[in-house]
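I opened the model and kept notes as I went. The entries are in the order in which I looked things up.

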Amino acid sequence: MALDNLRDLYQQVILERYKKPRNRGTTTPVDRYQKGHNPSCGDTIELTLHLDETGDRIEDVRFEGEGCAIAMASADLMADALRGKTTEEALAMVQRFQSMMKGEAEFPNELRKLNVMQGVAQFPVRIKCANLSWHTVKAALEQSTAQPAVVSNE
Ligand code: ZN
């Protein structure tokens, strides 16, 4: 596939996720709640997690929020990818995503959907948009209880 077509495909996926997100809403119950904000673009996200009884596996991930297509698509793709993962796996994915935004990594085949965000690494001003939901889920997983909190990725 030519590079231009590949770029179009990525844009298509991002726009489709933005227009028709699959993971909007709030989990039932809410075991973790975390708000995130990206002041450089104005993106905000309210992320909720439902964990299993051990508190170590993510049963469900939902988000609410307002922002640009990149921030919202990134959150939606992230929610799909994190469902069923352990806390440890999820934190490793956060790290890998952040490395991908520096152009230093990509996801293996079973998580390749996340690689559609790879193109964002070429646009430094948008990297914070893509990272917002990942930054927010990291803060949510590092909480010991469901205390409301606000993080900023500035
Ligand atoms: Zn944004």
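The notes below cover the strands, a metal site and a pair of helices.

Entry 1, ground rules. I am working with a predicted model, in which local features need pLDDT of at least 70, side-chain atom pairs count only at pLDDT 80 or more, and totals for chains, interfaces and linings use all residues. Residues are numbered from 1 along each chain as its sequence is written, and side-chain values use heavy atoms, with hydrogens and water left out.

I took helices (H or I, at least four residues) and strands (E, at least two) as DSSP runs, numbered from the N terminus. Proline 29 sits in the loop between helix H1 (3-19) and S1. The peptide bond from threonine 28 to proline 29 is cis, with omega near -10°. For reference, most peptide bonds are trans.

Buried means under 20% relative accessible area, exposed over 50%, and partly exposed in between, with a 1.4 Å probe and protein chains only. Strands count as paired if DSSP finds at least two bridges between them. S1 and S2 are antiparallel and share seven bridges; tyrosine 33 is opposite threonine 48 in S2. Their hairpin has four residues between the strands, and glycine 42 there has a positive phi near 95°. S2 also runs antiparallel to strand S3 (residues 58-66), with eight bridges.

Which protein atoms hold the zinc ion? I found Cys41 (SG), Asp43 (OD), Asp43 (OD), Cys68 (SG) and Cys129 (SG), 2.2 to 2.6 Å from the zinc ion. Donors are N, O and S atoms within 2.8 Å of the metal (3.2 Å for Na, K and Ca); water is not among the atoms, so sites may look incomplete. Aspartate 43 is in strand S2 (residues 43-51) and cysteine 129 in helix H4 (residues 124-142), so this pair ties together parts 86 residues apart in sequence. Aspartate 43 and cysteine 129 are both buried.

The axes of helix H2 (residues 69-82) and H4 come within 8 Å and cross at roughly 35°. Axes are lines fitted to C-alpha atoms, for helices over the stretch in contact, and angles run from 0 to 180 degrees between N-to-C directions. Contact means heavy atoms within 4.5 Å. Among the residues making this contact are Ile70 and Met78 of H2, and Cys129 and Trp134 of H4.
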